[in-house]
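This briefing is written for a reader who is meeting the structure here for the first time. Please keep the sequence and the model in view while reading.

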Amino acid sequence: MKEHITISQLSQLMNVSVHQLRYFEEKGILYPSYTEKNQYRMYGLHEIYQLSHILLLRKLNIPVGQIEECLTSYAADDYTSF
């Protein structure tokens, strides 16, 4: 795998839509590693892992509005209280 991939490559890799990735960016829970001069969003391994975590939380029915708090504040045991 290359060091960084585009938003469309990330959407294919993780089986989510580009729209959903942009929505996560809009909500402040996923950002690209950097944006190229041509405005392409580029994602690295850290963002791939973060997206995996976000998608897991969504499968656990955690609202998008609470995911940022989950990513920064909660330990594994805290997820059982939802």
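Which residues of helix H4 are buried? In this predicted model, the buried residues of H4, a helix that spans residues 64-73, are Val-64, Ile-67 and Cys-70. They lie on the same side of H4, because they cover an arc of only 80 degrees around the axis.

- An α-helix has 3.6 residues a turn, so residues three or four places apart point the same way.

**How H3 and H4 meet**

- The axes of H3 and H4 come within 10 Å and cross at roughly 130 degrees, which means that H3 is oblique to H4.
- On the H3 side of the contact are Gln-50, His-53, Ile-54, Leu-57 and Arg-58, and they meet Val-64, Ile-67, Cys-70 and Leu-71 of H4.

**The aromatic pair**

- When the whole structure is searched, 1 aromatic pair is found, and this pair is formed by Tyr-23 and Phe-24.
- The arrangement of Tyr-23 and Phe-24 is tilted, with 6.3 Å from centre to centre and 50 degrees between the planes.
- Tyr-23 is partly exposed, its relative accessible area being 33%, whereas Phe-24, with a relative accessible area of 1%, is buried.

How values were computed. Residues numbered from 1 in each chain as written. Predicted model: local features only at pLDDT ≥ 70, side-chain atom pairs only at ≥ 80, totals over all residues. Heavy atoms only, no water. Buried < 20%, exposed > 50% of the residue type's maximum accessible area, 1.4 Å probe, protein only. Helix = DSSP H or I, 4+ residues; strand = E, 2+ residues; numbered from the N terminus. Arc of directions from axis to C-beta. Phe/Tyr/Trp six-rings, centres within 6.5 Å; stacked < 30°, edge-to-face > 60°. Axes fitted to C-alpha atoms, helices over the stretch in contact; angles between N-to-C directions. Parallel < 35°, antiparallel > 145°, perpendicular 65-115°, else oblique. Contact = heavy atoms within 4.5 Å.
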